[in-house]
Amino acid sequence: MVGSDGRVNACEIIGSTGHASLDNATCRLIERRARFDPATSTSGETVVGTYTGTVTWQIPD
C-alpha cells in the first residue's frame with residue numbers, strides 16, 4: 001500500500017520465499033526505502049494507491 005505521500009504504508013507477501021525471516025526482512029526494507037510518485041485522482045489530488053512487484057534474492061557466487 002502506497003500512501004498519498006508516496007511512501008509505503010504496508011507490505012504484504014503474496015508469494016513467500018518459504019522463510020518467514022526473509023519475507024519479513026523484505027517488507028521491512030521495502031517499507032523503509034521504497035518511494036513512489038503518489039497516485040492521483042481524476043481531479044489531480046494525491047491518493048492512496050497500491051503497487052505489486054517482485055523481489056528476487058540471490059546469494060553471490
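Predicted model: local features only at pLDDT ≥ 70, side-chain atom pairs only at ≥ 80, totals over all residues.
**Helix H1 and its buried residues**

The helix covers residues 20–33. Its buried residues are Asp23, Ala25, Thr26 and Cys27. In general, an α-helix has 3.6 residues a turn, so residues three or four places apart point the same way.

Thr26 has a relative accessibility of 8% and therefore counts as buried. When residues up to four places away in sequence are not counted, Thr26 touches Val55 and Trp57.

Asp23, also found in helix H1, is buried yet has no salt bridge. The nearest side chain of opposite charge is that of Arg28, 11 Å away; a salt bridge would require a side-chain nitrogen of Lys or Arg within 4 Å of a carboxyl oxygen. With neighbours within four places in sequence left aside, the contacts of Asp23 are Ile13, Ser16, Thr17 and Gly18.

**The disulfide**

The model contains one disulfide. It is formed by Cys11 and Cys27, whose sulfur atoms are 2.1 Å apart. The torsion about the S-S bond of Cys11 and Cys27 is about -70°, and the disulfide is therefore left-handed. Because Cys11 lies in the segment before H1 and Cys27 in helix H1, the pair ties together parts that are 16 residues apart in sequence. The two cysteines fall into separate accessibility classes: Cys11 is partly exposed at 26% relative accessibility, whereas Cys27 is buried at 10%.

**The aromatic pair**

One aromatic pair is present in the structure. Phe36 and Tyr51 form this pair, with 4.9 Å from centre to centre and 45° between the planes, and the arrangement is tilted. Phe36 belongs to the loop between H1 and strand E1 (39–40) and Tyr51 to the segment after E2, so the pair ties together parts that are 15 residues apart in sequence. Phe36 is partly exposed, with a relative accessible area of 27%, while Tyr51 counts as exposed at 54%.

**The segment after strand E2**

Val48 lies in the segment that follows strand E2 (46–47). Its relative accessibility is 51%, so Val48 counts as exposed; the cut-off for this class is over 50%. Apart from neighbours within four places in sequence, Val48 is in contact with Met1, Val2, Gly3 and Ser4. The C-alpha atoms of Val48 and Glu12, which are 36 residues apart along the chain, are separated by 16 Å.

Thr54 is found in the segment after E2 as well. Thr54 is exposed, with a relative accessible area of 73%. Between the C-alpha atoms of Thr54 and Arg32, 22 residues apart along the chain, the separation is 17 Å.

**Accessibility of the residues discussed**

The table collects the relative accessibility of residues named above.

| Residue | Relative accessibility | Class |
|---|---|---|
| Thr26 | 8% | buried |
| Cys27 | 10% | buried |
| Cys11 | 26% | partly exposed |
| Phe36 | 27% | partly exposed |
| Val48 | 51% | exposed |
| Tyr51 | 54% | exposed |
| Thr54 | 73% | exposed |

Note on methods
Residues numbered from 1 in each chain as written. Heavy atoms only, no water. Helix = DSSP H or I, 4+ residues; strand = E, 2+ residues; numbered from the N terminus. Buried < 20%, exposed > 50% of the residue type's maximum accessible area, 1.4 Å probe, protein only. Contact = heavy atoms within 4.5 Å. Disulfide = S-S within 2.5 Å. Lys, Arg positive; Asp, Glu negative; His and termini not counted. Phe/Tyr/Trp six-rings, centres within 6.5 Å; stacked < 30°, edge-to-face > 60°.
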